[in-house]
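Please look over the structure shown here alongside its sequence. The notes that follow are grouped by topic and are meant to be read with the structure in view.

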Amino acid sequence: MQSPLPVRDGVNATRLRLPDEGPWVTAMDYMMHRWGHIDPQGIEDRFDAGEIVGEGGVPLTRSTKLEDHTFIWYYRTLPPETRLPVEISILHQDEHILVVDKPHFLPTTPGGTYIQESALVRLRNLLDLPDLIPMHRLDRMTAGLLLLSTNPETRGKYQVLFEKRQVQKGYECVSAATPTAGFPAVEFPATVRNRMTKSRSYLLAEVIDGEPNAETRIEQVRTFDAGPRQHALYRLEPHTGKTHQLRVHMASLGLGIVNDAFYPDLLDKAPDDYSKPLQLLARGITFVDPITKQPVEYRSQLELSEAHPS
């Protein structure tokens, strides 16, 4: 559903569905029920200023009945954010798409404590492109190629490529050269197939019994000394796109990715250590451009810090 409010400061207006019924007479009563304990004066001020609207951009007032609207839109009050000490590099831009190198630690889209400090909002503000939308996502801790649509009129043509898995992605990671104790030796190239699901615990993904729904091809590119244990650079080709798939699949082989705080062991939450980024990089992306009908390939210019030990 199209928002009647434009993007502001790189952030979309928030949409809220009002309940069909309840003990609330007005839309403001319901918002007070939800958030009045946080900022009651702010809610009243927004209604008075006409900053809360319904479909078609019709402003709501304090007396607007609950049943008058199904959806309403408003701008959230954004908390101050400290700028993350990482930068985005623009690799390609045309009238249809934008290709960037997203750094480690920067989320793709706004969420939680990261709103302005997300790749999408930074790029919208930097390039004055309020209609910018990512075509896929990278985990906050994963760096590398990110493809975004700059043109709503052609966006669907690119979305279809991702939906039909007509986009080939290549990743690189650094892990141990041999599995940890208790895991069998691995013959490369190897293909991992299993069934993944989102966990009900803090760990975001896990492997369960059942028909495989996740597949990754893994190739060991080269090995090198890294302290007391040999490490290796791996090339990863995901054939599906489950949450944390590459991290889970590497850990399932006893080859957890260097600096992974989730897999194979969930570590205590700690402030980001910018000197130890997750050693996972979205290296390349290829597809047949739906506009030009020509094959295209984009390659990240970033490097994994642990892949080139001093």
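In this predicted model, Gln220 has Tyr234 in strand E11 as its bridge partner, a pairing that belongs to the antiparallel arrangement of E10 and E11 (residues 229-238), which is built from ten bridges. The protein as a whole has five helices and 13 strands, and 44% of its 310 residues count as buried. Its C-alpha trace spans about 70 × 45 × 40 Å along the principal axes, and among contacts between residues at least 6 apart in sequence, 60% join residues at least 24 apart.

**Strand pairing around E10**

- Two residues lie between the strands in the hairpin of E10 and E11, where Gly227 takes a positive phi near 75°.
- Strand E10 (residues 214-226) is also joined to strand E8 (residues 190-197), by five bridges and in the antiparallel sense, and within this pairing Asn194 has Ala214 of E10 as its bridge partner.

- After H5 comes Gly254, which has a positive phi near 80°.

**The loop between E4 and H3**

- Leu106 lies in the loop that connects strand E4 (97-102) with helix H3 (119-127), and Leu106 is buried, with a relative accessible area of 0%.
- Which residues are in contact with Leu106, leaving aside its neighbours within four places in sequence? They are Leu84, Val86, Ile88, Glu117, Ser118, Ala119, Arg122 and Arg140.
- Thr64, which is 42 residues from Leu106 along the chain, has its C-alpha atom 40 Å from that of Leu106.
- Phe105 is placed in the loop between E4 and H3 as well; Phe105 has a positive phi near 80° although it is a residue other than glycine, and it is buried at a relative accessible area of 4%.

**Other backbone features in loops**

- The peptide bond from Phe188 to Pro189 is cis, with omega near -5°, and Pro189 is found in the loop between E7 and E8.
- Tyr263 and Pro264 are likewise joined by a cis peptide bond, with omega about 5°, and Pro264 has its place in the loop between H5 and E12.
- Asn259 lies in the loop between H5 and E12, where it takes a positive phi near 70° as a residue other than glycine; with a relative accessibility of 32%, Asn259 counts as partly exposed.

**Helices H1 and H2**

- The axes of helix H1 (residues 27-35) and helix H2 (residues 40-48) come within 10 Å and cross at roughly 155°.
- Angles over 145 degrees count as roughly antiparallel, and H1 and H2 are therefore roughly antiparallel to each other, with a right-handed crossing.
- The residues that meet between the two helices are Ala27, Met28, Met31, Met32 and Trp35 in H1, and Pro40, Ile43, Glu44 and Phe47 in H2.

- E1 runs antiparallel to strand E2 (residues 71-74), to which it is joined by four bridges, and Arg15 stands opposite Trp73 in E2.

Methods: Residues are numbered from 1 along each chain as its sequence is written. This is a predicted model: local features need pLDDT of at least 70, side-chain atom pairs count only at pLDDT 80 or more; totals for chains, interfaces and linings use all residues. Side-chain values use heavy atoms; hydrogens and water are left out. Buried means under 20% relative accessible area, exposed over 50%, partly exposed in between (1.4 Å probe, protein chains only). Contact means heavy atoms within 4.5 Å. Two strands pair if DSSP finds at least two bridges between them. Axes are lines fitted to C-alpha atoms, for helices over the stretch in contact, and angles run from 0 to 180 degrees between N-to-C directions. Angles under 35 degrees count as roughly parallel, over 145 as roughly antiparallel, 65 to 115 as roughly perpendicular and the rest as oblique. A crossing is left-handed if the near helix is turned anticlockwise from the far one by less than a right angle, and right-handed if clockwise.
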